[in-house]
Amino acid sequence: MMNKAWIYVVLTSLFELIWIYGFNTAAEWWHWALIITAILLDLHFLSKACEGLPTGTVYAIFAAAGTVGTALMDVYLFGGSLSFGKLAFMALLVAGVIGLKLFDSPLTTEKKGEAS
């Protein structure tokens, strides 16, 4: 079963993409009101996620999801291009997040405690 904090990570990543999309499409005052609401909800879910998970892990996932999601949104919604270089650096970013998560696990922390 998925931990509640991970649900908050998914929600903060989703709301990040929503307000970024809004920055590209907003034309009326109420669009900006929705964007501000999305930003506030995004920060709320980000803080809730940090209550249950390590902040570094949450922020790395938040940043990676935003970067990859924004790059894909640029290609599929706004007609941008996707080059090998963009794909390679997005893969590197995702690998970094996975590595951070692996070394942030309780098992790694226990091993560090045993060594000292």
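I began at the end of helix 3, which is followed by Gly-79, a residue whose phi is positive, near 75°. I note here that I am working with a predicted model.

I then looked up helix 3 itself, which covers residues 55–78, and found that its 24 residues reach 32 Å from the first C-alpha to the last, close to the 34 Å expected at 1.5 Å a residue. I listed its buried residues, among them Thr-57, Val-58, Ile-61, Phe-62, Val-68, Met-73 and Val-75, with Gly-66 and Gly-69 also included.

Next I turned to the aromatic rings, for which the count comes to six aromatic pairs. One of them joins Phe-15 and Phe-45 in a tilted arrangement, at 5.6 Å centre to centre and with 40° between the planes. Phe-15 belongs to helix 1 (residues 4–25) and Phe-45 to helix 2 (residues 29–52), so this pair ties together parts that are 30 residues apart in sequence. I looked up the accessibility of both partners: Phe-15 counts as buried at 18% relative accessibility, and Phe-45 is buried as well, with a relative accessible area of 13%.

I also looked at Phe-23 and Trp-32, which form a tilted aromatic pair at 5.9 Å centre to centre, with 35° between the planes. Here Phe-23 is partly exposed, its relative accessible area being 44%, and Trp-32 counts as partly exposed at 37% relative accessibility.

Notes: Residues numbered from 1 in each chain as written. Predicted model: local features only at pLDDT ≥ 70, side-chain atom pairs only at ≥ 80, totals over all residues. Heavy atoms only, no water. Phe/Tyr/Trp six-rings, centres within 6.5 Å; stacked < 30°, edge-to-face > 60°. Helix = DSSP H or I, 4+ residues; strand = E, 2+ residues; numbered from the N terminus. Buried < 20%, exposed > 50% of the residue type's maximum accessible area, 1.4 Å probe, protein only. Expected span 1.5 Å × (residues − 1).
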